[in-house]
Amino acid sequence: MKTTFLTVKKKSIFAVLLCVLLAGGFCATYFGVMASTTPKPVHTIVIDAGHGGIDGGAEGKTTGVAESDLNLAYAKTLKGLCEDFGIGVVMTRKNENGLYSPTASNKKKSEMEKRKQIIEDSNADLVVSVHMNSFKLSSCSGAQVYYASGNEQGKILAQNVQTSLHNSFKNAKKLPSVGDFFVLNCTSKPGILVEFGFLSNPQEEINLQNKNYMKSMCFSVLGGILEFFK
Ligand SMILES: [Zn+2]
(Lines give C-alpha, C1' and ligand atoms only; values in the text may rest on other atoms or scores of the structure.)
Protein backbone atom coordinates (compact mmCIF):
# COMPACT_ATOMS: atom_id res chain seq x y z
CA MET A 1 0.00 0.00 0.00
CA LYS A 2 2.84 2.35 1.00
CA THR A 3 4.91 1.42 -2.07
CA THR A 4 2.00 2.00 -4.41
CA PHE A 5 1.28 5.37 -2.82
CA LEU A 6 4.95 6.43 -3.25
CA THR A 7 5.01 5.22 -6.84
CA VAL A 8 1.88 7.19 -7.60
CA LYS A 9 3.31 10.23 -5.78
CA LYS A 10 6.65 10.00 -7.69
CA LYS A 11 4.80 9.66 -10.96
CA SER A 12 2.71 12.72 -10.10
CA ILE A 13 5.76 14.76 -9.18
CA PHE A 14 7.46 13.70 -12.43
CA ALA A 15 4.40 14.67 -14.43
CA VAL A 16 4.20 18.07 -12.73
CA LEU A 17 7.93 18.68 -13.31
CA LEU A 18 7.58 17.72 -16.98
CA CYS A 19 4.69 20.15 -17.37
CA VAL A 20 6.66 22.94 -15.69
CA LEU A 21 9.68 22.31 -17.91
CA LEU A 22 7.59 22.14 -21.07
CA ALA A 23 5.64 25.26 -20.11
CA GLY A 24 8.88 27.05 -19.21
CA GLY A 25 10.42 26.08 -22.53
CA PHE A 26 7.32 27.23 -24.35
CA CYS A 27 7.30 30.55 -22.47
CA ALA A 28 11.01 31.12 -23.08
CA THR A 29 10.55 30.43 -26.80
CA TYR A 30 7.39 32.53 -27.00
CA PHE A 31 8.76 35.54 -25.14
CA GLY A 32 12.13 35.12 -26.84
CA VAL A 33 10.40 35.57 -30.17
CA MET A 34 8.30 38.43 -28.77
CA ALA A 35 11.36 40.19 -27.38
CA SER A 36 13.38 39.93 -30.58
CA THR A 37 10.52 41.17 -32.83
CA THR A 38 9.41 44.78 -32.46
CA PRO A 39 5.74 44.88 -33.48
CA LYS A 40 5.06 47.06 -36.51
CA PRO A 41 2.98 50.11 -35.53
CA VAL A 42 -0.60 49.98 -36.76
CA HIS A 43 -0.50 53.70 -37.52
CA THR A 44 2.30 55.96 -38.71
CA ILE A 45 2.22 59.73 -38.94
CA VAL A 46 4.52 62.40 -40.35
CA ILE A 47 5.44 65.17 -37.93
CA ASP A 48 6.71 68.23 -39.75
CA ALA A 49 8.59 70.88 -37.79
CA GLY A 50 8.11 74.08 -39.79
CA HIS A 51 10.99 76.30 -40.98
CA GLY A 52 14.64 75.60 -40.04
CA GLY A 53 18.14 76.68 -41.03
CA ILE A 54 18.23 80.19 -42.48
CA ASP A 55 14.42 80.35 -42.15
CA GLY A 56 13.72 80.94 -38.47
CA GLY A 57 10.02 81.75 -39.01
CA ALA A 58 8.37 84.07 -36.50
CA GLU A 59 10.31 85.50 -33.56
CA GLY A 60 9.25 86.14 -29.97
CA LYS A 61 9.95 89.77 -29.11
CA THR A 62 10.15 89.24 -25.33
CA THR A 63 12.57 86.30 -25.21
CA GLY A 64 13.96 86.34 -28.76
CA VAL A 65 12.93 82.70 -29.29
CA ALA A 66 12.90 81.56 -32.93
CA GLU A 67 9.77 79.79 -34.16
CA SER A 68 11.92 77.17 -35.93
CA ASP A 69 13.50 76.08 -32.60
CA LEU A 70 10.17 75.98 -30.80
CA ASN A 71 8.58 74.02 -33.67
CA LEU A 72 11.33 71.41 -33.38
CA ALA A 73 10.87 71.14 -29.61
CA TYR A 74 7.10 70.63 -30.05
CA ALA A 75 7.63 68.15 -32.91
CA LYS A 76 10.01 66.08 -30.75
CA THR A 77 7.65 66.19 -27.75
CA LEU A 78 4.71 65.09 -29.90
CA LYS A 79 6.86 62.33 -31.41
CA GLY A 80 7.72 60.96 -27.96
CA LEU A 81 4.07 60.93 -26.87
CA CYS A 82 2.91 59.30 -30.12
CA GLU A 83 5.52 56.57 -29.80
CA ASP A 84 4.45 55.95 -26.19
CA PHE A 85 1.01 55.19 -27.64
CA GLY A 86 2.40 52.85 -30.31
CA ILE A 87 2.12 55.30 -33.22
CA GLY A 88 5.06 55.21 -35.65
CA VAL A 89 6.54 58.63 -36.46
CA VAL A 90 8.43 59.95 -39.48
CA MET A 91 9.99 63.36 -38.90
CA THR A 92 10.65 65.75 -41.76
CA ARG A 93 13.17 67.90 -39.86
CA LYS A 94 15.14 66.22 -37.05
CA ASN A 95 17.49 69.07 -36.11
CA GLU A 96 17.91 72.85 -36.47
CA ASN A 97 19.16 72.57 -40.06
CA GLY A 98 16.88 73.55 -42.94
CA LEU A 99 15.59 70.82 -45.25
CA TYR A 100 16.92 72.56 -48.39
CA SER A 101 20.00 71.38 -50.24
CA PRO A 102 22.99 73.56 -49.19
CA THR A 103 23.84 74.13 -52.86
CA ALA A 104 20.29 75.04 -53.96
CA SER A 105 19.92 78.54 -55.38
CA ASN A 106 16.24 78.63 -54.40
CA LYS A 107 16.32 77.34 -50.81
CA LYS A 108 12.55 77.74 -50.25
CA LYS A 109 11.74 75.62 -53.32
CA SER A 110 14.36 73.03 -52.38
CA GLU A 111 13.00 72.81 -48.83
CA MET A 112 9.41 72.40 -50.01
CA GLU A 113 10.39 69.64 -52.43
CA LYS A 114 12.18 67.80 -49.61
CA ARG A 115 9.16 68.02 -47.29
CA LYS A 116 6.91 66.68 -50.06
CA GLN A 117 9.33 63.84 -50.81
CA ILE A 118 9.53 62.75 -47.14
CA ILE A 119 5.71 62.78 -46.88
CA GLU A 120 5.35 60.77 -50.11
CA ASP A 121 7.98 58.20 -49.09
CA SER A 122 6.61 57.85 -45.56
CA ASN A 123 3.61 55.55 -46.14
CA ALA A 124 2.09 57.49 -43.24
CA ASP A 125 -1.62 57.76 -42.48
CA LEU A 126 -1.58 61.50 -41.86
CA VAL A 127 0.57 64.61 -41.56
CA VAL A 128 0.89 67.05 -38.65
CA SER A 129 2.81 70.24 -39.39
CA VAL A 130 3.99 72.20 -36.34
CA HIS A 131 4.08 76.01 -36.34
CA MET A 132 3.80 79.08 -34.07
CA ASN A 133 1.70 82.06 -35.05
CA SER A 134 2.42 85.78 -35.15
CA PHE A 135 0.17 88.78 -35.71
CA LYS A 136 0.45 92.56 -35.57
CA LEU A 137 -2.10 92.70 -32.72
CA SER A 138 -0.31 91.40 -29.61
CA SER A 139 -3.64 90.57 -27.94
CA CYS A 140 -4.27 87.64 -30.32
CA SER A 141 -3.69 84.27 -28.67
CA GLY A 142 -4.71 80.62 -28.83
CA ALA A 143 -4.04 77.48 -30.82
CA GLN A 144 -5.48 77.23 -34.31
CA VAL A 145 -5.67 74.11 -36.50
CA TYR A 146 -5.78 74.32 -40.32
CA TYR A 147 -6.64 71.77 -43.01
CA ALA A 148 -6.52 71.85 -46.82
CA SER A 149 -9.67 72.84 -48.69
CA GLY A 150 -11.38 69.78 -50.15
CA ASN A 151 -9.54 67.26 -47.97
CA GLU A 152 -12.49 65.74 -46.07
CA GLN A 153 -10.38 63.42 -43.90
CA GLY A 154 -8.07 66.33 -43.14
CA LYS A 155 -11.10 68.33 -42.02
CA ILE A 156 -12.22 65.55 -39.64
CA LEU A 157 -8.69 65.24 -38.24
CA ALA A 158 -8.55 69.04 -37.80
CA GLN A 159 -11.92 69.04 -36.00
CA ASN A 160 -10.77 66.29 -33.63
CA VAL A 161 -7.48 68.03 -32.82
CA GLN A 162 -9.03 71.51 -32.50
CA THR A 163 -11.74 70.19 -30.14
CA SER A 164 -9.16 68.36 -28.05
CA LEU A 165 -7.05 71.55 -27.77
CA HIS A 166 -10.10 73.67 -26.97
CA ASN A 167 -11.14 71.26 -24.21
CA SER A 168 -7.80 71.78 -22.43
CA PHE A 169 -6.91 75.37 -23.36
CA LYS A 170 -9.69 77.91 -23.04
CA ASN A 171 -8.10 80.38 -25.49
CA ALA A 172 -7.70 77.75 -28.23
CA LYS A 173 -10.10 78.29 -31.12
CA LYS A 174 -13.28 76.22 -31.14
CA LEU A 175 -13.30 75.33 -34.83
CA PRO A 176 -10.52 74.59 -37.34
CA SER A 177 -10.00 76.71 -40.46
CA VAL A 178 -9.16 76.07 -44.09
CA GLY A 179 -5.53 76.99 -44.72
CA ASP A 180 -3.61 77.37 -47.97
CA PHE A 181 -0.29 75.77 -47.00
CA PHE A 182 2.09 73.87 -49.26
CA VAL A 183 2.67 71.08 -46.73
CA LEU A 184 -1.09 70.35 -46.70
CA ASN A 185 -1.67 70.90 -50.42
CA CYS A 186 1.27 68.72 -51.56
CA THR A 187 -0.39 65.46 -50.48
CA SER A 188 -3.76 63.70 -50.61
CA LYS A 189 -3.16 62.34 -47.09
CA PRO A 190 -5.22 63.87 -44.27
CA GLY A 191 -3.09 66.71 -42.98
CA ILE A 192 -3.25 69.48 -40.42
CA LEU A 193 -1.10 72.49 -39.67
CA VAL A 194 -1.20 73.35 -35.98
CA GLU A 195 -0.34 76.91 -34.94
CA PHE A 196 0.21 76.21 -31.25
CA GLY A 197 0.02 79.84 -30.20
CA PHE A 198 1.10 83.42 -30.92
CA LEU A 199 4.72 84.46 -30.41
CA SER A 200 3.44 88.03 -30.88
CA ASN A 201 1.56 87.71 -27.56
CA PRO A 202 4.14 88.27 -24.76
CA GLN A 203 2.41 85.97 -22.23
CA GLU A 204 1.80 83.22 -24.77
CA GLU A 205 5.40 83.50 -25.94
CA ILE A 206 6.50 82.64 -22.40
CA ASN A 207 3.83 79.93 -21.90
CA LEU A 208 4.78 78.20 -25.16
CA GLN A 209 8.34 77.74 -23.90
CA ASN A 210 7.24 76.13 -20.63
CA LYS A 211 7.99 72.38 -20.78
CA ASN A 212 4.78 71.34 -18.98
CA TYR A 213 2.67 73.60 -21.19
CA MET A 214 4.41 72.13 -24.26
CA LYS A 215 3.76 68.56 -23.15
CA SER A 216 0.16 69.34 -22.30
CA MET A 217 -0.46 70.93 -25.71
CA CYS A 218 1.17 68.01 -27.53
CA PHE A 219 -0.90 65.59 -25.44
CA SER A 220 -4.05 67.40 -26.58
CA VAL A 221 -2.96 67.06 -30.22
CA LEU A 222 -2.31 63.34 -29.63
CA GLY A 223 -5.81 63.05 -28.13
CA GLY A 224 -7.30 64.40 -31.37
CA ILE A 225 -5.18 62.05 -33.47
CA LEU A 226 -6.26 59.02 -31.40
CA GLU A 227 -9.89 60.11 -31.78
CA PHE A 228 -9.36 60.28 -35.57
CA PHE A 229 -7.88 56.76 -35.63
CA LYS A 230 -10.87 55.30 -33.74
ZN1 LIG B 1 5.53 79.04 -39.22
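In β6, I found Glu195 as the bridge partner of Gln144. I am working from a predicted model.

**Entry 1: strand β6**

I started with the neighbours of β6. Three bridges join β4 to β6, and the two run antiparallel. I then looked up β3. It pairs with β6 in the parallel sense, over six bridges. One spot I noted: Val128 stands opposite Ile192 in β6.

Is β6 mostly covered or mostly exposed? I find it mostly covered, with eight of its eight residues buried.

**Entry 2: aromatic pairs**

How many aromatic pairs does the structure hold? I count five. A pair of aromatic rings is described by the distance of the centres and the angle of the planes. I wrote down both values for two of the pairs.

I took Tyr74 and Phe196 to begin with. Their ring centres are 4.8 Å apart and their planes stand at 50°, so I log this pair as tilted. Tilted is what remains between under 30 degrees (stacked) and over 60 (edge-to-face). Tyr74 belongs to helix α2 (residues 67–84) and Phe196 to strand β6 (residues 191–198), so the pair ties together parts 122 residues apart in sequence. I checked burial too: both Tyr74 and Phe196 are buried.

Next came Tyr146 and Phe181. Here the centres are 5.3 Å apart and the planes are at 70°, so the pair is edge-to-face. Tyr146 sits in strand β4 (residues 144–147), while Phe181 is in the loop between β5 (177–178) and α5 (182–185); the pair therefore ties together parts 35 residues apart in sequence.

Are these two residues buried or partly exposed? Tyr146 has 18% relative accessibility, so I count it as buried. The cut-off for buried is under 20%.

**Entry 3: helix α7**

I moved on to helix α7, residues 211–229. What span should its 19 residues give? At 1.5 Å a residue I expect 27 Å, and the end C-alpha atoms are 27 Å apart, so the two agree.

I looked at the N-terminal end of α7. Asn210 caps it: a side-chain oxygen of Asn210 lies 2.9 Å from the backbone nitrogen of Asn212.

Then I listed the buried residues of α7. Among them are Tyr213, Met214, Met217, Cys218, Val221, Leu222, Ile225, Phe228 and Phe229. Ser220 and Gly224 are also buried residues of α7. What covers the buried residues of α7? I noted β1 (44–49), α2, β3 (126–133), α4 (152–168), β6 and α6 (202–208) among the cover.

**Entry 4: Leu222**

**Entry 5: the whole protein**

The protein has seven helices and six strands. Along the sequence I read the pattern α-β-α-β-α-β-β-α-β-α-β-α-α. Of its 230 residues, 43% count as buried. I took contacts with a separation of 6 or more; residues 24 or more positions apart account for 78% of them. The protein exposes about 12,900 Å², and carbon and sulfur atoms supply 59% of that area.

Definitions and conventions: Residues numbered from 1 in each chain as written. Predicted model: local features only at pLDDT ≥ 70, side-chain atom pairs only at ≥ 80, totals over all residues. Heavy atoms only, no water. Phe/Tyr/Trp six-rings, centres within 6.5 Å; stacked < 30°, edge-to-face > 60°. Helix = DSSP H or I, 4+ residues; strand = E, 2+ residues; numbered from the N terminus. Buried < 20%, exposed > 50% of the residue type's maximum accessible area, 1.4 Å probe, protein only. Contact = heavy atoms within 4.5 Å. Areas by Shrake-Rupley, 256 points an atom, 1.4 Å probe, with all protein chains shown as cover. Expected span 1.5 Å × (residues − 1). Polar contact = N/O pair within 3.5 Å; in protein donor to acceptor, adjacent residues only side chain to side chain. Pairing = 2+ DSSP bridges.
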